[in-house]
Amino acid sequence: MKSNGPIRFLTGIAIILLLLLIVQIQVMAQSPLTRKITITLKEEPLKAALDKISAISKVKFTYNEQIAESKIKINVDAKNQTLSEALDAAFEGHPIQFSPLGKDVFIRFNTSKEKKPDAEPAANPAQHQSKRTLSGIIKSASTGETLIAATVRIAGTNYATSSNEYGFYSLSLPVGSYTITVNAIGSKNYKNTIELTKNTSLNIPLEDDMNELETVTITSNPSKRNIENPQMGMERLSISETKNVPVLLGERDVIKTLQLLPGVKTSGEGTGGFFVRGGSADQNMILLDEAPVYNASHLLGFFSTFNSDAIKNVTLYKSGMPAQYGGGLSSVLDVKMNDGNNQKFGVNGGVGLIAARINIEGPIQKEKSSFLISARRTYADMLLKFSGDSATKDTKLYFYDVNLKANYILGNKDRLFVSGYFGKDVLGADKVAGIDWGNATSTLRWNHVFSSKLFSNTSLIFSNYNYKIQSTDDESSLSLFSQIRDWNFKEDLQWYANDKNTLSFGLNSIYHTIKPGEVRASGNSGLISQDLQNRYSLENAVYASNTWKANNTLSFTYGLRVSAFSILGKGEYFTLDPAGNVTGTTSYESGEIVKTYVNLEPRLAAALQLNSSTSIKASYVRNAQNLHLISNSNASSPTDRWVASTNIIKPELSDQVSLGYYKNLANDNYELTVETYYKTLQNQIDYRNGADIYTNKPIESQLLYGKGRAYGAEFLLKKKNGKLTGWIAYTLSKTERKIDGINDNNWYNARQDRTHDISLVSMYQLSKKWSLSANWVFATGNAVTFPTGKYKLLGHSYFYFSERNADRMPSYHRLDLGATRLLKQTKKYSSELNFSLYNAYGRENAFRIVFKDKETDPNRTEAIKTTLFRFVPSVSYNFKF
């Protein structure tokens with residue numbers, strides 16, 4: 001690729017965005033407010049006046065109940081004036097504001113224009129300037145679950161906020177009377193009038209909206225938060241959004257749903273890994289109740305570790321990550337578990353072709369505490385026991401996972417959460433060979449409200465991931481073991497300083513222990529037993545950020561994260577020559593600091609609201625990563641090796657700039673998002689040719705280092721309401737690496753490079769009983785290295801490889817179909833059948849292509865393609881009571 005490729009690409013994207021902006025300016029120039037009207041009104045009630053002006057101007061007015069019931073009288077005498085001039089005259093002296101809303105005009109109250117009373121002007125001069133704080137917790141009325149990202153607005157004003165990750169909200173308002181509205185995905189809208197004369201705590205329970213739950217709503221932000229919020233590259237999913245998306249073998253999977261969004265690419269057929277904006281699979285920081293999950297897949301990637309029955313909310317950050325997140329270059333996937341129902345006892349679950357699951361929740365003490373137990377297990381191994389083949393009968397092939405959680409409301413200001421996850425995979429033939437791996441996490445979390453403006457979350461977190469490989473026969477045995485274990489302390493605070501500034505700040509400290517590998521061998525396996533050195537490190541970070549609403553149209557988020565990664569003894573550390581040979585060794589005692597890397601990670605984002613339905617945004621973020629997954633395959637494998645930064649392996653760094661255009665269409669029924677990005681990466685890692693990760697040589701001797709770049713454009717059009725919902729997503733991107741010692745030191749395609757990626761997702765509510773769904777995906781084939789020639793030596797064929805990742809797998813495409821039949825639904829019980837057909841037209845997508853001598857003619861070479869899935873039907877039964 002020519003060196004000016006990125007410049008040409010970004011120039012093209014800039015032209016696209018400029019054209020969108022020009023179109024927007026033209027639309028604004030044709031605003032309904034420019035229409036000329038002639039009208040005379042005297043002491044006309046507000047609503048009647050608006051109706052008459054609308055009839056003459058042919059412009060529709062949109063307003064809330066407060067406007068409709070207002071007693072304000074309007075006077076206007078307009079002769080061939082613009083609608084804007086007429087409304088200015090009509091509303092002069094009244095606390096009313098107007099603005100264009102597409103082809104309509106939006107009318108609302110504006111308390112800042114409200115006329116001050118003339119009586120007793122000196123009695124309390126600060127009365128109308130002083131502010132009070134309204135705060136509380138937003139939760140589900142039926143379960144007591146706290147609700148994330150619920151939107152809180154004050155009707156007729158520009159005051160608005162949203163609940164944080166723990167359901168807490170805070171608003172600073174002038175003393176007065178207000179109508180508060182709250183909306184959240186899956187809940188009925190809440191409306192209440194309050195008199196705010198002092199700091200007030202108002203916990204808000206939202207009723208479930210059964211109609212909305214039946215129809216999948218895929219909006220990532222309720223109301224217009226996607227327009228107003230400076231946060232870019234964020235996708236938020238509720239579990240109801242994954243309900244009808246057809247997936248492999250009928251198992252709902254949040255990661256599979258995320259892979260249907262722009263900028264998120266699957267790592268391969270049937271795999272659980274994913275790539276975000278040119279990053280590798282290990283550059284995604286995956287969190288479950290704040291605990292890192294180092295391998296988020298089951299059955300070699302066919303399923304994810306996240307049991308949807310236990311999950312409340314999923315948030316993916318592709319760019320502009322908030323400052324409290326660190327450790328991953330490409331994305332943060334923040335998964336929150338359900339808290340458990342503190343109102344009533346309930347059970348739900350399901351049985352499918354390959355797995356069964358059960359979820360039990362209920363109050364420990366009603367309205368004060370609750371518990372959750374969720375479990376899932378596959379049973380392919382049980383079905384194999386019916387085989388007549390003794391070898392097949394003894395095969396182990398299953399995974400299980402268990403989610404546990406309890407929470408306690410200790411008072412009006414304190415809440416305690418305890419959660420845990422335990423999962424394991426077992427694959428192998430009994431007493432012959434096998435591999436098992438698993439994750440264990442636990443989180444102890446304390447929420448405390450210091451005041452109506454200051455919220456605290458304190459967490460103590462444990463995370464463990466390990467795998468073990470065994471091979472045994474009559475003459476030898478071999479086992480490999482590897483582990484990564486973390487102890488983690490976090491303190492996060494949010495200070496709602498005023499109606500324009502919300503500050504977040506805190507600290508994080510993680511103690512890492514990595515056991516790279518234990519090899520135990522006996523007999524004639526050809527290997528010797530050895531222990532690779534354990535590695536210890538301490539990762540500390542402090543951060544602060546602020547979201548500042550400069551005015552009604554412009555807002556910023558800016559912050560800084562400072563991370564320090566200290567490599568600790570006990571152990572030996574090396575110096576190497578350019579060829580990877582050890583030239584020196586230094587021993588360190590336990591706890592002794594080998595080296596400390598300090599990195600500044602700034603964040604900056606801005607949003608400019610062009611009108612009530614359109615905005616443009618820009619962001620910049622730097623991220624540092626100190627844990628690295630050493631892999632020589634396209635998709636992550638449980639046997640890949642985690643290593644920490646050392647005196648030789650430096651922290652990976654990324655700098656990403658993003659620009660976006662956001663538009664809500666057709667009364668917010670549609671949402672258009674266009675984002676473009678450019679990312680540079682430093683200290684990227686790849687294998688030397690012929691590397692061996694289990695050698696007794698230092699792992700650094702097997703690695704090479706360099707840089708990378710990724711750039712692209714993402715387009716997303718969503719339909720959010722109605723019987724038919726869904727989205728169209730398209731990603732155009734390029735991802736490259738340049739590493740000394742590879743490809744003659746020239747730029748080459750990264751393994752995850754994929755030029756085109758398209759997803760079409762649709763869900764249709766056919767009737768109260770039936771819902772249908774379908775998704776179609778297309779992707780350019782992964783970058784791979786195919787042999788360019790071969791030679792014979794002593795009767796054996798050896799293939800010759802030249803340029804790295806210069807070839808492509810065949811393009812990938814697939815159609816999936818799904819249908820759900822509601823069997824029964826009452827207040828106490830519901831059940832349904834889910835049908836799905838994966839790869840409905842039987843496309844033979846290549847999983848692997850290998851080259852070998854043709855059996856009938858050894859002088860010729862043939863390519864053998866392996867295909868995993870064709871026409872995979874499934875049915876599952878789900879219930880809830």
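Trainee: Is Asn 745 buried, partly exposed or exposed?

Mentor: The model is predicted, and the answer is computed from its atoms. A residue under 20% relative accessible area is buried, one over 50% is exposed, and the range in between is partly exposed. Asn 745 has a relative accessible area of 35%, so it is partly exposed. Asn 745 lies in the loop between strand 44 and strand 45 (748-749).

Trainee: What is the phi of Asn 745?

Mentor: Phi of Asn 745 is near 65 degrees, a positive value in a residue other than glycine. Asn 80 is found within a strand, namely strand 3 (residues 73-82).

Trainee: Why does Asn 80 count as exposed?

Mentor: The cut-off for exposed is over 50%. Asn 80 counts as exposed because its relative accessibility is 53%.

Trainee: Where does Thr 735 lie, and which residues does it contact?

Mentor: Thr 735 lies in strand 44 (residues 724-739). With a relative accessible area of 1%, Thr 735 is buried. Once its neighbours within four places in sequence are left aside, the contacts of Thr 735 include Gly 278, Arg 709 and Ala 710. Tyr 748, Asn 749, Ala 750, Gln 752 and Asp 753 are also in contact with Thr 735.

Trainee: How do the strands of a sheet pair?

Mentor: They pair through backbone hydrogen bonds, either parallel or antiparallel.

Trainee: How many bridges join strand 10 to strand 11?

Mentor: Seven bridges join strand 10 (residues 176-183) to strand 11, and the two run antiparallel. Within that pairing, Gly 176 stands opposite Leu 196 in strand 11.

Trainee: What is the order of the open sheet of five strands?

Mentor: Its order is 14-21-22-17-18, and its pairing is mixed. Strand 14 (234-238) and strand 18 (291-292) are its edge strands, each pairing on one side only. Strand 17 (residues 284-288) pairs with strand 18 in the antiparallel sense over two bridges. Leu 287 stands opposite Pro 292 in strand 18.

Trainee: How many bridges does strand 52 form with strand 47, and how many with strand 53?

Mentor: Strand 47 (residues 770-779) and strand 52 (residues 812-825) pair in the antiparallel sense over 10 bridges. There, Ser 771 stands opposite Thr 820 in strand 52. Strand 52 also pairs with strand 53 (residues 830-838), again in the antiparallel sense, over eight bridges. Leu 817 stands opposite Leu 837 in strand 53. A hairpin joins strand 52 to strand 53 through four residues.

Trainee: How many cavities are there, and what volume has the largest?

Mentor: The count comes to nine cavities of 30 Å³ or more. The largest cavity has a volume of about 630 Å³. Its lining holds 44 residues, of which Asn 284, Met 285, Ile 286, Pro 292 and Tyr 294 lie nearest its centre. Elements that give two or more residues to this lining include strand 17, strand 30 (476-495) and strand 31 (501-523).

Trainee: Which element gives the largest share of the lining, and how is the lining divided by class?

Mentor: Strand 17 gives the largest share of the lining of the largest cavity, four residues. By class, that lining has 19 nonpolar, 17 polar and eight charged residues.

Trainee: How many helices and strands does the protein have?

Mentor: The secondary structure comes to nine helices and 56 strands. Of the 881 residues of the protein, 53% count as buried. Among contacts with a separation of 6 or more, residues 24 or more positions apart account for 64%.

Terms used:
Residues numbered from 1 in each chain as written. Predicted model: local features only at pLDDT ≥ 70, side-chain atom pairs only at ≥ 80, totals over all residues. Heavy atoms only, no water. Buried < 20%, exposed > 50% of the residue type's maximum accessible area, 1.4 Å probe, protein only. Contact = heavy atoms within 4.5 Å. Pairing = 2+ DSSP bridges. 1 Å grid on protein atoms, 1.4 Å probe; cavity = no way out; pocket = protein on both sides within 12 Å on 5 of 7 lines; lining within 4 Å. Points joined across faces, edges and corners; volume = space filled by probe spheres on them. Nonpolar A, V, L, I, M, F, W, Y, C, P; charged D, E, K, R; others polar.
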